[in-house]
Amino acid sequence: MQSYPSAKADIESSPAKGMLPAEPEAEALPAMDDPLAVVNALHQIILGTGLHADLSLPMIAVVGSQSVGKTSVLESLVGRDFLPRGSGIVTRRPLILQLRAVPSEPSGQGPMEWAEFEHRPGEKIVSFEKVRSEVTLETDYVCGEHGISDEPILLRIYSPSVMDLTLVDLPGLTKVPTGDQPKDISDRIRQLVLKYISSKNTIILAVSAANNDLATSDSLAIAREVDPQGDRTVGVLTKLDLADETGSAVEALKGMVYPLRHGYTGIVCRNESDTRAGVSFQQALQAEEAFITKSPTLQPLAAQCGIPNLARRLQTLLLEHIRESLPQLRASLQHVADQSREELASLGDQQVEQRMGQGPFLLHLISGYVRNFADVLEGRLAYRQQEHALPAKLVGGARLHYIFHRVFGQTILDFSAFSGLSDMEIRVAMRNAAGPKPQLFVPEIAFENLVKRQIQKLEDPALQCVSLVFDELKQLASQSDSSEIQRFPSLREKVLEVANRVIQRCLQPTNQMVSNLIRIEREYINVDHPDFIGGVRAMSFVQEAELELPPAAVPSDGQDGSSQLAAPRHEPPKAKSEDPLRLPAVPLIVTPCGEASEKERMDTELLKSLILSYFTIVKRKIIDSVPKTIMHFMVNAVRDKVHAECITELYKEDLFRSLLQEPDDLRQRRERCEQKLAELRKAQDVLSQICDAASQV
């Protein structure tokens, strides 16, 4: 196997530094002066807890299209054949490859090099053929036969022949699906690659074939999308031995084709025929070195060519990049940890129940629900739940205020005193109140009958207001459960049932009282009310209104109020003395006939003024008294009774176990969250060491 010097100092003097033992319980924190060991430890942590989607750790992502030698580059860096090979898309899951240099050990004292998979903890694999098989099996297990997945495989390789590096092998870019591959396989691979290389913490290792035009390189094209200036892209030109020594490959190495900040490295890897012929990696390195030395055009660029130079360059860039990314990584870890703490708090603390006991804990939950219900009515819960932003809509008790004053109150104010009451009906009422005698003044009984009829029309909207508040209280009751009580679906359901029963029991007394309010107003018409206009003022208003009207011909009135218009007299034909005088038949329905006389018109306007004045007084009283009634008989009654009802119905020892039973999925979520938070704390401790050490330099 090949062996080349490390860019880190004194690896041999620190035999344990950087090693990740197989047994988690024996694992030690990495050294403060080894940032790559810290990042590798973080990779292990976040992969084990599923945090790779939340955190973007510093890494080198290997990108390239199929058949450009991407697999050969990785195997040359390791010096072993360990990756699956074949036609089509072989790499279908990201492979996080952690290379860790270890000191050489005397023969017989354990393996000098081995591999470990994160999904097979505690198992050291010394056969790299088994490593290849395990990668294939694990890929097929998650992806099936032709699918792809963004769930990574974590592989650690310990060897004295490697340099400390962390790389991510991504699926090869393709343009056309072949065989049984999904039709959208190209787009899915592209999105997966973009997901990994979009992070500013990722160094992009863009692999291209030296014997192809760089303008057609898929890896450089996709890297340009996320890194247009080429600040974190490293170019690798494979198959240097197949390229024209005077062509674009040499120009690319000189930065004349598509310049990158970190430049390009040209390499010569083993080809398929060399592999079949049994050429070792050490022999391939020697052949590569000989080829570069003998080439007159590549010899001046020898520092940019060869696998050893590529390994040293990648290690140096990765270490520098890690140090630059540490502050951002520390902030990201803190943010994810804060989110995990909030999630764990929402899932509840089992230790509280254990410390308090089931009975007191049940009382605690019920009290919390009742307190939340009261806070919802008073408007306190909305602001407690909206710590970072004020509510954008009315919630809780504010909705009741809206019902009382904008829905009910405004509707009553807009209701006309003469809705469903015509002038003809007013004339009929006055005629009926006068009886057989002609009326001299506006009959008081007509005023009372008409105003009572209009007052009765206020009962239906008042009862509708009760119904609206009833529905709103049921809605508020379902929204008042705390995060603690949500852990227990059975208890939450029972508490809500009790609350709804209390609300339901308050409905009938409230309706009865509201109906009584309307009935009270109908039973006694108080014409001595200080705001009532009275007959004298009403008459003066009517007369003032009459003076403002244009003069018109006024017909003369008869004793009975009927009109007697002047008309030429025609002598009726003289009846024969023997014919008797007969009256016409009285209709079944009799109404005032003809146009209203001046007196009738004046009396009608006077009565309308009285009705309007008194009805306005009643509307104001109803607008004020109905909300007060609803608050006393329903809202406050529910608030005051629900706690006692819950205690009476639910605080029974035989119900404790069933009411305080958590769902299995919630317990599992809490366990996962606790494990995730514990690993995050561990990751923060690991990261704090290297951050603190860096600040002291």
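**Close-up views of a predicted model**

**View 1. Val62 and Leu205 mark the pairing of two strands.** Val62 stands opposite Leu205, a residue of strand 6. The structure shown here, in this view and in those that follow, is a predicted model. Strand 1, which covers residues 59-63, pairs with strand 6 in the parallel sense, and the pairing runs over five bridges. Leu205 also has a bridge partner in strand 7, namely Val234. Strand 7 covers residues 233-238, and its pairing with strand 6 is again in the parallel sense, this time over six bridges.

View 2. Strand 6 spans residues 202-209, and eight of its eight residues are buried, which is to say that the strand is mostly covered. Thr202, Ile204, Ala206 and Ser208 point one way from the strand, whereas Ile203, Leu205, Val207 and Ala209 point the other way, and the residues of both sets are buried. Together with helix 5, which covers residues 218-226, and with strand 7, strand 6 makes a right-handed β-α-β unit.

View 3. When residues up to four places away in sequence are not counted, Ile630 touches Phe404, Cys465, Val466, Val469, Thr510 and Val635.

**View 4. Leu362 is a buried residue of helix 11.** Leu362 has its place in helix 11. Because its relative accessibility is 0%, and buried means under 20%, Leu362 counts as buried. Once its neighbours within four places in sequence are left aside, Leu362 is in contact with Leu491, Leu650, Tyr651, Phe656, Leu659 and Leu660. Leu362 and Leu491 lie 129 residues apart along the chain, yet their C-alpha atoms are separated by 8.9 Å.

**View 5. Asn500 is a partly exposed residue of helix 17.** Asn500 is found in helix 17. Its relative accessible area is 26%, which falls between the limits of 20% and 50%, and therefore Asn500 is described as partly exposed. Leaving aside its neighbours within four places in sequence, Asn500 is in contact with Lys474 and Ala477. The C-alpha atoms of Asn500 and Ala477 are separated by 7.5 Å, although the two residues are 23 residues apart along the chain.

**View 6. The whole chain gives the setting for the close-ups.** The chain has 21 helices and eight strands. It consists of 697 residues, of which buried residues make up 45%. Among the contacts between residues at least 6 apart in sequence, 81% join residues that are at least 24 apart. The chain exposes about 36600 Å², and carbon and sulfur atoms supply 52% of this area.

Key
Residues numbered from 1 in each chain as written. Predicted model: local features only at pLDDT ≥ 70, side-chain atom pairs only at ≥ 80, totals over all residues. Heavy atoms only, no water. Contact = heavy atoms within 4.5 Å. Helix = DSSP H or I, 4+ residues; strand = E, 2+ residues; numbered from the N terminus. Buried < 20%, exposed > 50% of the residue type's maximum accessible area, 1.4 Å probe, protein only. Areas by Shrake-Rupley, 256 points an atom, 1.4 Å probe, with all protein chains shown as cover. Pairing = 2+ DSSP bridges. Right-handed = clockwise from strand over helix to strand, strands pointing away.
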